[in-house]
Each structure stands twice: as structure tokens, then as C-alpha cells.
Amino acid sequence: MLLWILLANLLSKALSCGYPGSPSHSTVTFNTETIQKGTVATYRCETGFDLLGPIRRLCVENGTWIPIGVPVCVMNVAAGKAAMQSSIVAKGVPQKAVDGSTSRSFAADTCTLSEMETSPWWYVNLLEPFLVQLVRVDFGRPCCANNLPATVTVRVGNSRPDLSANPVCNKFTGKIEEGRPLFFPCTSTITGAFVSVHVETPTAFTMSICEAFVYTDQVVPVQQCPQFEEETSTATYNGKCYLFHSNKPRTLEGATKFCELQGGSMVHETSPALQGFLSWELYKRHKKNPGSDYWNGVVRDPVSKDWKWLDGKDLTISFWSIPPTDKNCSKFDGSNGWLWSDTECNRELNYICEHRPVSCGSPERPVNSSILMRSNTVGSTIEYQCNSGHLLLGPTARKCLITGYFSDFSPKCSYLECGFPANIPNGGYTLVNGTKHYRSIVQYFCQESYVLVGRSDLMCDADRKWDGPPPRCDPLLCHNPPAIAHGNVTVTVNTTVPGTTAEYTCEDNYKLVGANNISCDSTGFWTSKPPTCELDKEKLYNARIEGKHKRNRASIAARLNMGGIIALGIFGGFVFLAVIISIVVIIVRRNSNAQDSLDSLSTYESGGSREKLYQRQCWPGHPGNHPPGLPPHSGDPEHRKGNSDILRESPMSSAQQHHHHRRHHHPSTHRDSDLSLETGASTSRWCPKHEKRSGY
């Protein structure tokens, strides 16, 4: 439904008629207070201008004016000007083509007539360059026989028109019908003082032109010239007004003062074109009285005797009818074709005052535009504005110049429209005022929980495109959750989109005051202030007590550990010392046993070979091991008992016993072990014969 309303609004705005446009030098009126369907626009031109185009136009349903096209108000600048043609028959002079009257058929009193020619021509001298917009030619004779086509070419320029060298305004090829006007709109902007018509036919014919019109809107009408109570006739030339005073002749001095009092001056310049213009205007006004002379602004300098203008400028070009005599003033001599003649300065003659235009007329107003204009007098400025949706092409302001023309050309208003704006995800747009034409605004928006990134407002630009890329709608994010002293914060997700929860915790010995979590809402703000972390005195006190107990237990444990380490060190030292002592004892015993063995060996050797044999039999490890006839000894008890009996049966002296006991007295427990270490478990350390002979 909203779309239909929007489209209906756009159609209603697009289909409404705007201002229909009006040409320069015109006025337009409407039959209704506001322009709407059925409004009629009626056009009228200022005095001296002709309306070309529809007089009335109607606003219709589709928002356009019918008939299509704005009329123009133009002036025929060829009327009354000098004309020429290729040939003349009877009274068909070329001037009849610019006499201001026309006919639907040939009339000798108003139409020109040439001889039979295949390339006749006709031209008019406009006396000054004009911006020619349209040329109309009313032929008085048809062409050509057998329906053969003729070619008509219209040229505009400043060169000799009979040479066909000027630029072409337009061209027509076809049948020339009697009384049927042919229109030649110039295809380009052409300025010139000569307008010529050239006809080329396959067969010779007699060319007749009943009237030729040269139209332009770039002209200063006499209505823009100063108006005075005194009856005068006025003509304009090259942006200046010339007032011809013929009712009250004055002396040169009187005429000069009169012109100055009215804001003008005597004619103080000349040129071939200006001389032709003034001569022609004087000729038209005094056809029946050519003897009415006019003052010219050229005088003789009393010192140098040279001719100069009244303002003191040197005379560079002159148009004397006859060489001047000894007189000191000059005049336009009607009896000599309005050329110059010298005369006495105290005569009373007619005079011409030169003025500047006082206004510029009504300016052109383009279609769908408005004009801010306080006045159209010389020096004033008008401003242009286009209706909504239209682009102004051209100057926004124009000034009325002293030439009676507005500066520059009138602008145009071109309607521009952009396409529909681009859609954006998670958002939309609104057309301000429901339009999308030039300078319309589109406003973008986002859905809830989204934020607009980019320009929200775009405008339809002159290139029929919106003046920037559309924005985008990003998820709405909260700022990072606030940090708190002596605490930490974590969020449930990686981004802080609406619905995200921030959870707070405190450091050791601190407690949380307030809610332990806050949430990000749909507006992009956290739902509440964060909690705080305050020092937990009770927990800190308990921690201090617990720490003291731990330190006491650690001290006791440290002391116990030290005592154990010391005890273990002492014990290890004793063990190490015992090992050292045992090793020393073993080494000493080995050395002692080795010495005893050496002593016994030397005693036995002195007793003879018999003792040696016995020693070998009884010494452990001797190669003889067991003597013949003796039983092998062993470590069993019976053997030990037999040995002890033998010992008891061999009495020793006390000295011998003492000696034996001094060197071999060991506890029984060590003896057996030592013997077992030295001889092995199966070898007996003692033998009877050795025991008997061991003393000295």
C-alpha cells in the first residue's frame, strides 16, 4: 500500500504542468490563479514585435502544454531597408519586397519582378549586423514548369551578397507555390548586415517576391528609447537611439545644448554603416521634402582649420557630397542624397540627438523557471531559478546593459530524475517529499539493534545518479565493558553485540560489591554500572593467621629436617670411619701374617730338606699339599680335635708358649675367620709338626 501511495505521489508531481515558458519581449497570462489541468496560457508581444507560434497553449492531464513549443516574439528588421535584385522588369523594383505589405498572388504594386533567369537573386541591406533567427519569403510567381523542383538558398553575412559567399542560413528544394510562404530558420547562430535569396531552377523563370521578412529578437525597439513630450521620430541602430527633431530648428549651439539637457548628444561619430543608416532614415522621413537639412556634428577647428567632431576627436572618415569651402560647420544635405556639405554655423537647422536606451524590455523566461526581477532598466540585474527537479543550464543572473540588451543568453531548465535508491540489508530508506528528481533527498535508516555506517542522506545529482554510495547497517555494539580495580572481566562472546553479558571477578583478598554481571542492551549501552572490588578484611585476617601457622610448621619441620640431616651425617661419618678402620685392620693383619710366614720359612729352611718337605706338606697352598702316610686335614671337628690332642701331647717350655701366644694369640672367633680368609674354608691353618717347631 505504501508503495502505491509513493508511486501516486511521484506521478502527481511529475504530471503537473510547470511554467510554460515565455519569449523575450512578451507577456503571458493565465485563466486560473494556479497552473493546473485545464489552465490556458495566452501570449502577447510588445509593440513592434510579431508573435510567431501559438497564441494560446493548454495544460493537459499528462502534465504537458499543447501545442508543443514556445512561441517567439521577433521583429522584422528588413522592413523599409534598402534592397537589390539581379534584374528588374517594369515596376517590379526590389524595394517592394520590404515595403511592409504582402499578397497571396502577384501584384505589381507590392511585388518585385525579375527577368527570365535560371539563377536570380535578391538581397536587403539591414544597415547593421543582426543576429538573424528566421527568414520568411513570400513568392509572387510559382516555379517551376512540369513540376520540376527549384532550390532556394538563404544566406546571411557581411560580404557582397551577389557573390554567394556569405554563410547559408537554410535551404529549400521543391516546388515554389504562388502566395505560399517559405520559412527558413537559421540552423546556426549567424550575424550579418546582408540577407540574400538565391534561386536556382532547371529552366529560366521570372522571380517575384511580394515580401521578405528577416526576424530577430536581438533588437532594440524604439519603446526602449527615451520618451519626451516634444514630438519626435525615433530609430535605433547598433544599441543606440536616434531622435530626429524636425519641428523646431535650432542653431548648432542651441541644438547641442538641447540634446545635452535631455541626456543625449549631437551625432559625433560616423562609419559607412552608420552613414547609410542615417541617410536611409532621413530619406524615409523627407521623401516629399528633400530640402530639410540636419546638423552634422563636424566643425572646422579655428586654429588648425582641420575638420573635427564636436567632442574634439579627429575626423578619420568623411562623406562629403562636394569638397567643403571656407564655411566652418557641416550638415546632412537632403539635396545631395543626405551626404555632407559645409554651411554657416549661425543657421537654424533640424538636428539629431543620440541617446542610449533606458531599458532592456521583457527578458525571456524558460520553461519551468521563475525570474526575480525588480526592474528592467539599464544597470539592473535579474536572477533565474528553476522549478524543483530541474537543472539550470546557463547563467543564473543577467544584467541590462547600456546597449538595451541583457548580458549573455537566457538559461534553460532541464528536468532530471534519478532511479530508485539502492536497498540496504537490515535497513531501508525514505524519499523526502516523495520525489527522486534532481536535488531530491533520500534518507536511509537501520532496524533496531543496528547502526548506520556512512551517509544517511543522499541527493540526486546532475548526472542523474545519487551523489554517493548507500550506507550499510552494522550490528549495534556496546563499548568494551568497563574495567574495575583489583578485578577482571570476561564476556560471553567475542563481540559486544546486544545481549552480550560481561562477568566480573575479584582478585584474592577482595570481595565483589554489586551484581557480578552486566548486559549490553539494544541501544548499545550496558544495563548498569559495573561492580567494585573491596578489600575483604575478614578473609585477610584469616589468611594472616593461617600464614602464621604455616610459617610455624615450616620452621619446626625445617629444624627437624636439619637434625635429621646432622644425625644422618654423623651416622654416615661413623660408618665411613668403621669401613676405613676395617680396611686398615685387614691390611695390617695381612702384612703381619705375611711376616710370620717369612720367619717360619727361614727357620724351616735351616733345618734341612726334611723340614722343607714337611713345610710343603703343612703350609697352605704348598705344591705338596699332603705328605704320604698322613690323612688329609679338613675343617671338620674331628680333625680339629685330633690336632688339639697332638698339641696337648707336645709340652712346651713357658718361653716357647709365651712366644707363641704373643704372636698368635687371637680370639677364637677371629682366628677362624682370619684363617678362612687366608687359606680358604677347606685348608687348615695349623699342623702338628709346625706347632712343635715353631718355638725357639
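Thr42 touches Thr27, Val28, Thr29, Ile55 and Arg56, leaving aside residues up to four places away in sequence. In this predicted model, Thr42 belongs to strand 2, which covers residues 40–45. Its relative accessible area is 14%, so Thr42 is buried, the limit being under 20%.

**Nonpolar cores**

The largest nonpolar core has 37 residues, and the members that touch the most others are Trp122, Leu126, Phe139 and Val195. At least two residues of this core come from each of strand 6 (72–76), strand 9 (121–139), strand 10 (150–157), strand 12 (181–200) and strand 14 (209–216). Strand 9 gives the most, with eight residues. Nonpolar side chains in soluble globular proteins tend to be buried together.

With residues up to four places away in sequence not counted, Phe139 touches Val152, Ile176, Glu177, Glu178, Gly179, Leu182, Val197, Val199, Met207, Ser208 and Ile209. Another core lies apart from the largest one; this other core has 21 residues, including Leu278, Val298, Trp320 and Trp338.

**The largest pocket**

The largest pocket holds about 680 Å³ of space. Its lining is made up of 35 residues, and Ser24, Gln133, Asp217, Gln218 and Glu364 are the ones nearest the centre. By type, the lining residues are 18 nonpolar, 11 polar and six charged. Strand 6, strand 9, strand 12 and strand 27 (412–415) each contribute at least two residues to this lining.

**Aromatic pairs**

The model has 16 aromatic pairs. In one of them, Tyr237 and Phe277, the planes meet at 20° and the ring centres are 4.9 Å apart, so the pair is stacked, which requires planes under 30 degrees apart. Tyr237 lies in strand 15 (residues 233–237) and Phe277 in helix 3 (residues 272–285), so this pair ties together parts that are 40 residues apart in sequence. Tyr237 is buried, at 8% relative accessibility, and Phe277 is buried as well, at 3%.

Phe244 and Tyr294 form an edge-to-face pair. This pair also links distant parts of the chain, with Phe244 in strand 16 (residues 240–250) and Tyr294 in strand 18 (residues 294–300), 50 residues apart. Phe244 and Tyr294 are both buried. The geometry of these two pairs is set out below.

| Pair | Centre to centre | Angle between planes | Type |
|---|---|---|---|
| Tyr237 and Phe277 | 4.9 Å | 20° | stacked |
| Phe244 and Tyr294 | 6.4 Å | 80° | edge-to-face |

Ring pairs also join Trp307, Trp309, Phe319, Trp320 and Trp340 into a cluster.

**Gly312**

Gly312 sits in the loop that runs between strand 19 (307–309) and strand 20 (329–333). Its relative accessibility is 45%, so Gly312 counts as partly exposed, a class that lies between 20% and 50%. Between the C-alpha atoms of Gly312 and Val299 the distance is 9.3 Å, and the two residues are 13 residues apart along the chain.

How values were computed. Residues are numbered from 1 along each chain as its sequence is written. This is a predicted model: local features need pLDDT of at least 70, side-chain atom pairs count only at pLDDT 80 or more; totals for chains, interfaces and linings use all residues. Side-chain values use heavy atoms; hydrogens and water are left out. Helices (H or I, at least four residues) and strands (E, at least two) are DSSP runs, numbered from the N terminus. Buried means under 20% relative accessible area, exposed over 50%, partly exposed in between (1.4 Å probe, protein chains only). A nonpolar core is a set of buried Ala, Val, Leu, Ile, Met, Phe, Trp, Tyr and Cys residues joined through side-chain atoms within 4.5 Å. Contact means heavy atoms within 4.5 Å. On a 1 Å grid over the protein atoms alone, a cavity is a set of points where a 1.4 Å probe fits but cannot get out, and a pocket is an open set with protein on both sides within 12 Å along at least five of seven lines; lining residues have an atom within 4 Å of a point. Grid points are joined across faces, edges and corners, and a volume is the space filled by probe spheres set on the points. Ala, Val, Leu, Ile, Met, Phe, Trp, Tyr, Cys and Pro count as nonpolar, Asp, Glu, Lys and Arg as charged, and the others, Gly among them, as polar. Rings of Phe, Tyr and Trp (its six-membered ring) pair if their centres lie within 6.5 Å; planes under 30 degrees apart count as stacked, over 60 as edge-to-face and the rest as tilted.
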